[in-house]
Amino acid sequence: MIFRLPRHRLLALVVLVLAALWVLSGHFAAVGSEEAEATEAKAAEPVAETPKRTVAVVKADLVDYARLIRISGVTEADKMAVLAARSNGVVQELGAAAGDGVAAGATVLLLEGEDVRAAVKAAEDQLAQAAEQLSVGEALRAKGSLPETEVTARRAAKTAAEGTLAQAQAAADRLSLTAPFAGTVDAVNVEIGEWVQAGTPIATLISLNPIVVKAEVSEQDVAHVTVGAKAKVRLVSGAELQGTVRHLARKASDKTRTFALEVDLPNPDGTIPSGMTAEVRLTAAAQPALLVPRSVLTLNEAGQVGVRAVGDGEVASFLPVQLIDDTDNGFMVTGVPQGARVIVAGQDLVRDGDTVVVKELTRAEAEAAQAAAQKASQP
């Protein structure tokens, strides 16, 4: 009867029988267990450890460092005044030429003014006459020969004469021009015989002792500068002098955010002119700092500048620092604790939290290795 079945049904029946026998044998259930056993065996295998980086470190030896603040400036006269005519008139006399030194109160200009001087003489005579009449009148009043009203009138006449004389003398004084301070005549703008009006510039007077160096200090450095502090000044001519800070602005410039600074320099012979370029060097207050090679500095993920150090458990960490000076031997920085083990080689190959193998170097060994590395990198 089986052979009477169609071939395709007979084939399906054979497949069904074979499948039933496989299930009954238990091999199907073992497939999952074999996979589980393989997974457990793989998990039990020892994981290979990542090899630790070897870094070279140097113990931080802080020193008290007073950095130099260098700023550019220009020399200027201690005092400068443009002397102007105080009255109209013709130049009669010039008391100084360009380049001459003058004392305070010396006559620089004299204008013609005979009529003005004559008015002074007339006012003096009038005052003398009024004073005499008042004296006589008071004597007569004391004897009862002159009424009080007459004495009062003579007293008023004398007061008026005094006012007239004061006005005449003021007009005469305006004919002359005197130096308000001792200095050097830098320029003379008129000639003898020239007609000038009141307000016309006559001469420029400058005082060059002391000479003043004017500069501007940044807002980062202003806290390290005080009035009275010593300053070294190097002129563009090569001369080096020592001066004193005499003024420091307490308000920053709105445009540059810098603070105006003035340094006095002795200039008794006037050899330092106004307008010369100068470099001002100020010494900031000393603070604990560490000298590190330029190659040691690195950046963290936040973009901060710092160094990497090795702490307890030989774990690397990042220390942010502040650069305070750039020297020929490297950067002077603050922010590193005394005795910290600063990584000087391999700092860019480790990250915060990495455990490292430490090779400690002396400062001399680190400097020698740095020099050798620089030499090798040169073509």
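Guide: In this predicted model, the largest nonpolar core has 27 residues. Val225, Val233, Leu261, Val263, Val280 and Leu282 have the most contacts inside that core. Two or more residues come from each of these elements: strand S3 (68-84), strand S10 (201-218), strand S11 (230-235), strand S12 (240-248), strand S13 (258-265) and strand S14 (277-283). The most is given by S10, with 6 residues.

Leaving aside neighbours within four places in sequence, valine 233 is in contact with Val213, Ala239, Glu240, Leu241, Val263, Leu265, Ala278, Glu279 and Val280. Two of the partners in that list, Val263 and Val280, are also among the residues with the most contacts inside the core. In soluble globular proteins, nonpolar side chains tend to be buried together. Apart from this core lies another, of 20 residues, including Ala85, Val91, Leu111 and Val196.

Strand S10 deserves a further look. Serine 207 has its place in S10 and, at 8% relative accessibility, counts as buried because the cut-off is under 20%. Not counting residues up to four places away in sequence, serine 207 touches Ala77, Asp78 and Lys79, and also Phe181, Ala182 and Gly183. Most residues other than glycine have a negative phi, and most peptide bonds are trans.

Phe181 and Ala182 also turn up as partners of alanine 104, together with Ala179 and Pro180, when neighbours within four places in sequence are left aside. Alanine 104 is in the loop between strand S5 (101-102) and strand S6 (107-111). Its relative accessibility is 53%, so alanine 104 counts as exposed.

Next come the helices. Two packed helices are described by the angle between their axes and the distance between the axes. Helix H3 (residues 114-143) packs with helix H4 (residues 148-173) at an angle of about 160°, and their axes are 8 Å apart. Because of that angle, H3 is roughly antiparallel to H4. The crossing of H3 past H4 is left-handed. In the contact of H3 with H4, 16 residues are nonpolar, 5 polar and 8 charged.

Two loop residues have a positive phi without being glycine. Arginine 257, in the loop between S12 and S13, has a phi near 55°. With a relative accessible area of 41%, arginine 257 is partly exposed. Glutamate 314 has a phi of about 55° and lies in the loop between strand S17 (305-310) and strand S18 (316-320). Its relative accessible area is 28%, so glutamate 314 is partly exposed.

Further along, threonine 334 lies in strand S20 (residues 330-334) and is buried, with a relative accessible area of 13%. Not counting residues up to four places away in sequence, threonine 334 touches Gln287, Pro288, Ala289, Pro320, Val321, Gln322 and Ile324.

For the chain as a whole, there are 5 helices and 22 strands, and 32% of the 379 residues count as buried. Of the contacts with a separation of 6 or more, 72% are between residues 24 or more positions apart.

Notes: Residues are numbered from 1 along each chain as its sequence is written. This is a predicted model: local features need pLDDT of at least 70, side-chain atom pairs count only at pLDDT 80 or more; totals for chains, interfaces and linings use all residues. Side-chain values use heavy atoms; hydrogens and water are left out. A nonpolar core is a set of buried Ala, Val, Leu, Ile, Met, Phe, Trp, Tyr and Cys residues joined through side-chain atoms within 4.5 Å. Buried means under 20% relative accessible area, exposed over 50%, partly exposed in between (1.4 Å probe, protein chains only). Helices (H or I, at least four residues) and strands (E, at least two) are DSSP runs, numbered from the N terminus. Contact means heavy atoms within 4.5 Å. Axes are lines fitted to C-alpha atoms, for helices over the stretch in contact, and angles run from 0 to 180 degrees between N-to-C directions. Angles under 35 degrees count as roughly parallel, over 145 as roughly antiparallel, 65 to 115 as roughly perpendicular and the rest as oblique. A crossing is left-handed if the near helix is turned anticlockwise from the far one by less than a right angle, and right-handed if clockwise. Ala, Val, Leu, Ile, Met, Phe, Trp, Tyr, Cys and Pro count as nonpolar, Asp, Glu, Lys and Arg as charged, and the others, Gly among them, as polar.
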